[in-house]
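Here are my notes after a first pass through the model. Have a look at it alongside the points below and see whether you read it the way I do.

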Amino acid sequence: MADIGSSGVSNSRYPYYYGPEGRLLLVDSALEAVGRGSTTVGIKTSTFALISSHIKPTKPLVEPSEKIFAIDGHVGATGSGYIGDILQLIDEMRIAAQKYRFTYDSPIDIKSLARQLSSYLHDFTIYAVRPQAASIIIAGLDPAGIQLYQVDPSGTYFSGSGFAIGQYSDTAIDTIQKEYTEDITIAQAVQLSDRAIEKALGEKPLVERGIVTAKDATFNKMVAAS
Amino acid sequence: MTTIVGIRTKEGVVLGSDRRASKGFFIGSKITQKITKIDDTLAVAIAGQLSDADYMVKLVKAERNLIELRRGFPVTVKESARLIANQAYTGLKNYQPYFVELLVGGVDQEGGHIFVADMSGAITSEEFASSGSGSPIAYGVLESIYHKDMTNEQAKEIATKAVAAAMERDPGSGNGIDILTIPKLSLVVKERRR
C-alpha cells in the first residue's frame, strides 16, 4: 500500500490524475523523457540570442534529424525530447506565427509565441492523453528586444538569458552560468555553448546552431563550423 | 469596375492597374492600390471586391510562408495561383463566393508566369491577360500590339497604353496608372531572408 503512486506508473490506477503527492505522473514522465533527449542550450544577451543543439550520431548512410528550425523570419527554435513531438510543436509554432501575421498584419512577438505553445502543451496536462515529451527553446527578436524562452511539457514557460535542456542539462547550465556575462560576444557565446554541451557529454559533439541578432533582425541557422 | 492587365515577358512579368475604386456611380477612391505584392517574386492584381481579394492574398501569403518553412524551398507561381483558386472554389461551393478576378503574376525558377484566377476557382495560364470592366478595351490594345520576346520595359509601355485606353472609355476606370515590374530570378541578385 505504501508504494501506491509514490514511484511507478504501474501502481497508479489513474496515471492522468494527481498522485498522492500532488504530482502529475504523465507530465513527470514527459519531463523524464526530455531529460534523456539531446543536450540543447540557449544563450541570450541584449544584442543576440543563440540556440545550439547536440546532433546524435546516426548510421553512416542516415542523415541525422534537423534540430534548429526557423519559425518565422525573426524567430527560430530548437528542442529536446522525442523528435516527433518536437516536430509537431515546431509546426504548431509556425502556424501560430502565420496566424498572427494574418490577424494583426505584423510579426508575432516572442512572448505571444511562447504563450501559444505553452497553452497547446497545457491542454495535454488536463486530459487523459499523452503529454508532448519535448521542451522547446525559442530565440527571437521583437519590438521589446532580443528574447529567449524555454517552454516545458507542463506548459510552463520561462524567459531568461541562459537555458539548457536534455541529457546532462544540469552540467550544461552550470557551465553557462559560471561563464556568462551580459557583454559576451557571439563568438564567445558559440564557444561557451559548445563547451557546455561538450562538458555535459564528455566528448567533442556535433552541434547545430541558430542565431538571431538585433542588428540584422532575422533568425538564421549558423553554418556548421566544428 | 477596374482595369488590370498582366503581361509575361522574356525578362519576367509586368502588372498594370488603374486607381479608381467605384461605389456605384460614385468614385469611392482615386488612389486605390490594386496591385499587391505577396513577396519580391509574386504579386496579385485585383479586380472585384477588395476585401475578398485582400483576404485571399493574406491567406496565400501565410500558406506560402508555411510551405516554404516546411519543405525548405520556395513555392512556385503556379502553386501560388492554385492556392488562390482552391480558396475561390471552396467559397463557390459553399455559396459564399469570393467576388474577385485576380491576375497572379510572378517569377520562379522557370521564369515569368501570368495566371488568371476567378471566383469559379478556375485558373488559366496566359501570355497576357486583362480583367475588370475596362478589360474589353484593354484587350483591344493588348491584342493589337502584344508580341512575344518583349523586354519588361516594352511590356511596361504596352501595359500603360492598355490601361490608359480603358480609362478613356470605361467609366469604372480612371485616376491614374500603377505599374509593377518583377524581373526574373536570374536578373536580380537575390537577397533572401532566412
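At roughly what angle do the axes of helix 1 and helix 2 of chain B cross? One thing to keep in mind while reading on: this is a predicted model.

1. Helix pair, geometry. The answer is roughly 130°, with the axes of helix 1 (residues 50-71) and helix 2 (residues 77-93) of chain B coming within 10 Å. Angles over 145 degrees would count as roughly antiparallel and 65 to 115 as roughly perpendicular, so helix 1 of chain B and helix 2 of chain B are oblique to each other. As for hand, the crossing of helix 1 and helix 2 of chain B is right-handed.

2. Helix pair, residues. On the helix 1 side of chain B, you'll find B:Met56, B:Leu59, B:Val60, B:Glu63 and B:Arg64. They meet B:Ser80, B:Leu83, B:Ile84 and B:Gln87 of helix 2 of chain B. By type, the residues of this contact split into five nonpolar, two polar and two charged.

3. The sheet. Chain B has an open sheet of four strands, in the order 10-1-2-11, with antiparallel pairing. Strand 10 (128-131) and strand 11 (177-183) of chain B sit at the edges, each pairing on one side only. From one strand to the next, the twist averages 10°.

4. One strand pair in detail. Strand 2 (residues 12-18) and strand 11 of chain B run antiparallel and are joined by seven bridges. If you want a place to start looking, B:Val13 has B:Ile182 in strand 11 of chain B as its bridge partner.

5. Helices on the sheet. Two helices are worth a look here. Helix 3 (residues 135-145) of chain B lies across strand 1 (4-9) and strand 10 of chain B, and runs at about 160° to strand 10 of chain B. Helix 4 (residues 152-169) of chain B lies across strand 1, strand 2, strand 10 and strand 11 of chain B, at about 20° to strand 2 of chain B.

6. Between the chains. Seven residues of chain B are in contact with nine residues of chain A. On the chain B side, these are three nonpolar, one polar and three charged.

7. Chain A overall. Its secondary structure comes to five helices and 10 strands. The C-alpha atoms of chain A fill a box of roughly 60 × 45 × 40 Å along the principal axes.

Terms used
Residues are numbered from 1 along each chain as its sequence is written. Chains are lettered from A and ligands numbered from 1 in the order in which they are written. This is a predicted model: local features need pLDDT of at least 70, side-chain atom pairs count only at pLDDT 80 or more; totals for chains, interfaces and linings use all residues. Axes are lines fitted to C-alpha atoms, for helices over the stretch in contact, and angles run from 0 to 180 degrees between N-to-C directions. Angles under 35 degrees count as roughly parallel, over 145 as roughly antiparallel, 65 to 115 as roughly perpendicular and the rest as oblique. A crossing is left-handed if the near helix is turned anticlockwise from the far one by less than a right angle, and right-handed if clockwise. Ala, Val, Leu, Ile, Met, Phe, Trp, Tyr, Cys and Pro count as nonpolar, Asp, Glu, Lys and Arg as charged, and the others, Gly among them, as polar. Two strands pair if DSSP finds at least two bridges between them.
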